[in-house]
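Hello,

Here is the structure I promised to pass on to you. Have a look at it, and then read my notes below.

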Amino acid sequence: MIEVVDRERCVTCDRCIEVCPTRVFDRGADGVPVIARHDSCQTCFQCEAYCPTDALFVSPLTDAAESDSPYRDTNRLIATGLIGGYRRELGWGNGRPLGARTAVGPVYPD
């Protein structure tokens, strides 16, 4: 479930607003997206995947994290490399190698 929009990293591009299939986000008065309908999040990770600045974090939880959860602690998420982690695993952005090229899959017989 979406837990963090890092205001310091966000460039107000609206990609998260555009790609969210359940319209979780609204544009805030200052242009930074806000999580307006938290319960509508389907944990699809599309917002995190499309964020060009790794400003979003979608937790692996299907329900909202508690207010004191490490999944809501932006500084901890940055320190551990979790914020933007899904995008990194995909290999999207910042010169990252494409995940599909390094993914380990089933071995098929010749």
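This is a predicted model: local features need pLDDT of at least 70, side-chain atom pairs count only at pLDDT 80 or more; totals for chains, interfaces and linings use all residues.

Side chains of opposite charge can pair when their charged atoms come close.

R7 and D30 meet through their side chains in a salt bridge, at 2.0 Å from N to O. This pair joins distant parts of the chain, 23 residues apart: R7 sits in the loop between strand 1 and helix 1, and D30 in the loop between strand 2 and strand 3. R7 is partly exposed, because its relative accessibility is 47%, and D30 is partly exposed at 46%.

R87 and D54 form another salt bridge, at 3.2 Å from N to O. Here R87 belongs to helix 4, while D54 lies in the loop between helix 2 and strand 4, 33 residues apart. R87 counts as buried at 8% relative accessibility, and D54 counts as buried at 7%.

D6 pairs with R9, with the closest N and O atoms 3.5 Å apart. D6 is buried at 6%, whereas R9 is partly exposed at 26%.

Now for E3, in strand 1. Is E3 buried or exposed? E3 is buried, since its relative accessible area is 8% and the cut-off for buried is under 20%. Its side chain reaches the backbone nitrogen of A65 at 2.8 Å. E3 also touches several other residues, including I35, F57 and Y71.

Finally, V58 in strand 4 is buried at 3% relative accessibility. Among the residues V58 touches are M1, I2 and F45.

Enjoy exploring!

Terms used: Residues are numbered from 1 along each chain as its sequence is written. Side-chain values use heavy atoms; hydrogens and water are left out. Helices (H or I, at least four residues) and strands (E, at least two) are DSSP runs, numbered from the N terminus. Buried means under 20% relative accessible area, exposed over 50%, partly exposed in between (1.4 Å probe, protein chains only). Contact means heavy atoms within 4.5 Å. A polar contact is a pair of N or O atoms within 3.5 Å; within protein, one must be able to donate a hydrogen and the other to accept it, and residues adjacent in sequence count only if both atoms are side-chain atoms. A salt bridge is a side-chain nitrogen of Lys or Arg within 4 Å of a carboxyl oxygen of Asp or Glu. Lists of a residue's contacts leave out its neighbours within four places in sequence.
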